[in-house]
Amino acid sequence: MNNRLNSQRGLGLIGWLVALALVGFAVLVGFRLGPVYLEYYAVRSSVRSLDKDVDLVSKSPGEIWALLDKRFYLNDVKAVRKEDVKILKRPELTIISLDYEVKRHLLGNVDVLVSFSDKVEIPAH
C-alpha cells in the first residue's frame, strides 16, 4: 500500500478538468469585464484632461459637459450619460463627479453589474 501511494504523482483526469474549468471561467470573466474597465480608464482620462483647459473657469456647466461629451465620443465611451455627470462650479475650483453603472452579460442568465464613482477637482489656473 505504501508503494502505491508513492507512485501517484500529479493531477488526475478530474483534477485537470476542474483546473481547466476554473481557468476557462477566469478567462471568460476577463474577456467580459476587460472592456468595461478599459472604458472606465478612458472616462477617467477624459475628465482629467480638462485640467489642461486654461479657459475652463469661464465655461458654464453645459459647456463643460459639451467638452466632456466630445472627449467621450473620441474615446468611444458609451456608458456615461449626461445624468451620470455632476458639475459643480466655484470661483476657485471646478468639481466633476461621475457615478455610473455598467451591466454586462456573463453567461446564461447571469449578468454582472459594475459600479464606478469618481470625483475630480480642477483648480482655477
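A21 has its place in helix 2. This is a predicted model, so please read every value below as computed from it.

| Pair | Apart in sequence | Apart in space, C-alpha to C-alpha |
|---|---|---|
| A21 and Y73 | 52 residues | 38 Å |
| R44 and D55 | 11 residues | 20 Å |

Now let us see how helix 2 meets helix 3. Two packed helices are described by the angle between their axes and the distance between those axes. Here the axes of helix 2 and helix 3 come within 9 Å and cross at roughly 140 degrees. Angles over 145 degrees would count as roughly antiparallel and those from 65 to 115 as roughly perpendicular, so this pair of helices is classed as oblique. The crossing of helix 2 past helix 3 is right-handed. On the helix 2 side, the contact is made by V43, S46 and V47, and on the helix 3 side by L68, R71 and F72. By type, the residues of this contact are four nonpolar, one polar and one charged.

Which residues have the most contacts inside the largest nonpolar core? They are L50, L68, F72, V80, I96 and Y100, in a core of 27 residues. At least two residues of this core come from each of helix 2 (13-48), helix 3 (61-74), strand 2 (93-107) and strand 3 (110-123). Helix 2 gives the largest share, six residues. As background, nonpolar side chains tend to be buried together in soluble globular proteins.

Setting aside neighbours within four places in sequence, V80 is in contact with V43, F72, V85, L98 and Y100. Among these partners, V43 and F72 also take part in the contact of helix 2 with helix 3.

One last stop is the loop between helix 3 and strand 1 (85-89), where D76 is found. Most residues other than glycine have a negative phi. D76, which is not a glycine, has a positive phi, near 60 degrees.

Note on methods. Residues numbered from 1 in each chain as written. Predicted model: local features only at pLDDT ≥ 70, side-chain atom pairs only at ≥ 80, totals over all residues. Heavy atoms only, no water. Core = buried A, V, L, I, M, F, W, Y, C linked by side-chain atoms within 4.5 Å. Buried < 20%, exposed > 50% of the residue type's maximum accessible area, 1.4 Å probe, protein only. Helix = DSSP H or I, 4+ residues; strand = E, 2+ residues; numbered from the N terminus. Contact = heavy atoms within 4.5 Å. Axes fitted to C-alpha atoms, helices over the stretch in contact; angles between N-to-C directions. Parallel < 35°, antiparallel > 145°, perpendicular 65-115°, else oblique. Left-handed = near helix turned anticlockwise from the far one by under 90°. Nonpolar A, V, L, I, M, F, W, Y, C, P; charged D, E, K, R; others polar.
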